[in-house]
Amino acid sequence: MTLITFTSDFGQSDHYVAFTKAKILKTFPEARIIDISHDIKPFNLAHMAHVLQSVFREFPEGTIHLLGNDNHQNVQSYIIASIENHYFVGPNNGVMSLITDRPPSSIHELEVAPKSSFKVLPEIVAKLANGASPDSLGTTSDNFVRYVARKARATKKEIAGHVIHVDHYGNLITNIEKVDFDILSRDKSYMIVFGRDSVNKVNAHVGEVDPGEVFFIFNVNERLMLGINQGHGAQLLGLEYDSPIIIQFEE
């Protein structure tokens with residue numbers, strides 16, 4: 001059975017999540033719905049994109065991902081986008097362009113008015129999960145709002161990146177990728193500069209440092225992450241979203 005994931009900035013204190021699931025189940029009672037997160041920062045496209053890009057490929061191909069981050073004012077349309085053999089359903093506000101560099105293989109524009117999207121999109125997702133084709137639910141389109149995600153800048157002398165997300169534990173995830181680091185650090189010593197501090201080692205795991213000490217590791221998505229063992233790294237280090245992280249290589 002086709003899986004449905006649900007990611008939103010709806011929070012958990014109101015009825016919005018339950019309402020959306022009820023609309024899906026009312027249309028397709030056999031639907032299997034998996035929550036990714038409903039604690040996305042309100043209207044924060046970068047946060048939603050980071051969460052989705054970190055996990056969507058772990059679901060089977062053909063999974064339907066419902067996105068709930070609609071402020072109604074900046075939405076041109078609502079779409080079904082087929083991306084890397086997954087379906088993404090939600091507002092055409094640019095977030096889908098940030099989850100991967102690969103463009104959609106198809107886009108179907110939906111006849112959904114902004115004021116009714118809260119009710120209609122779950123029904124469309126339910127129909128899609130129940131076997132309806134995107135062609136029967138929307139009109140083929142090339143209207144796709146695109147944003148360009150900021151990439152780390154890599155040269156032979158340094159990799160200059162920045163923090164793209166602060167997680168629940170206060171760890172700071174950067175846009176510095178392991179593949180670049182492995183190539184440029186080969187047979188070289190290096191210094192990682194963050195704020196007013198610096199270290200000269202990437203750890204294999206957090207347990208290599210004592211509680212209260214700074215660590216640098218590559219996370220499961222192979223992005224450089226820093227934090228403090230058993231501490232809130234962002235608060236204690238004075239770093240936040242967009243803070244620069246630079247790796248300098250010695251010749």
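In helix α1, the residues Val17, Thr20, Lys23 and Ile24 are buried; buried means under 20% relative accessible area, exposed over 50%, and partly exposed in between, with a 1.4 Å probe and protein chains only. Seen down the axis of α1, these buried residues fall within an arc of 130 degrees, so they line one face of the helix. The arc is that of the directions from the helix axis to the C-beta atoms. An α-helix has 3.6 residues a turn, so residues three or four places apart point the same way. On the other side of α1, Ala18 and Lys26 are exposed. The cover over the buried residues of α1 includes β1 (3-8), β2 (32-37), β3 (64-68) and α3 (117-129).

This is a predicted model, in which local features need pLDDT of at least 70 and side-chain atom pairs count only at pLDDT 80 or more, while totals for chains, interfaces and linings use all residues. Residues are numbered from 1 along each chain as its sequence is written, and side-chain values use heavy atoms, with hydrogens and water left out.

Helix α1 has 12 residues (16-27), which at 1.5 Å a residue should span 16 Å; its end C-alpha atoms are 17 Å apart, which agrees. The expected span is 1.5 Å times one less than the number of residues.

The protein chain as a whole has 6 helices and 15 strands. Helices (H or I, at least four residues) and strands (E, at least two) are DSSP runs, numbered from the N terminus. Along the principal axes, the C-alpha atoms of the chain fill a box of roughly 60 × 35 × 35 Å. Of the 251 residues in the protein chain, 49% are buried. Among contacts with a separation of 6 or more, 64% are between residues 24 or more positions apart, where contact means heavy atoms within 4.5 Å. The accessible surface comes to about 13,200 Å², and 48% of that surface belongs to carbon and sulfur atoms. Accessible areas come from the Shrake-Rupley method with a 1.4 Å probe; for residues, only the protein chains shown count as cover.

Aromatic rings are the next topic. A pair of aromatic rings is described by the distance of the centres and the angle of the planes. Rings of Phe, Tyr and Trp (its six-membered ring) pair if their centres lie within 6.5 Å; planes under 30 degrees apart count as stacked, over 60 as edge-to-face and the rest as tilted. The structure holds 9 aromatic pairs. In one of them, the ring centres of Phe10 and Phe118 are 5.8 Å apart and the planes are at 85 degrees, so the pair is edge-to-face. Phe10 lies in the loop between β1 and α1 and Phe118 in helix α3, so this pair ties together parts that are 108 residues apart in sequence. Phe118 has 28% relative accessibility and counts as partly exposed. The rings of Phe194 and Phe216 are also edge-to-face, because their centres are 5.2 Å apart and their planes are at 65 degrees. This pair links distant parts of the chain, with Phe194 in strand β11 (residues 190-194) and Phe216 in strand β13, 22 residues apart. Both Phe194 and Phe216 are buried. Elsewhere, ring pairs link Phe6, Phe10, Tyr16, Phe19 and Phe118 into a cluster.

Strand β11 pairs with β15 (residues 244-249) in the antiparallel sense over 5 bridges; two strands pair if DSSP finds at least two bridges between them. The bridge partner of Met191 in β15 is Gln248. Strand β11 also runs antiparallel to β12 (residues 197-199), joined by 3 bridges, and Phe194 stands opposite Asp197 in β12. The hairpin of β11 and β12 has 2 residues between the strands, and Gly195 there takes a positive phi near 60 degrees.

Most residues other than glycine have a negative phi. Glu84, which is not a glycine, has a positive phi of about 50 degrees. Glu84 is found in the loop between β4 (78-83) and β5 (86-91) and is buried, with a relative accessible area of 16%. Glu222 likewise has a positive phi, near 60 degrees. Glu222 lies in the loop between β13 (214-218) and β14 (223-228) and is partly exposed, at 47% relative accessible area.
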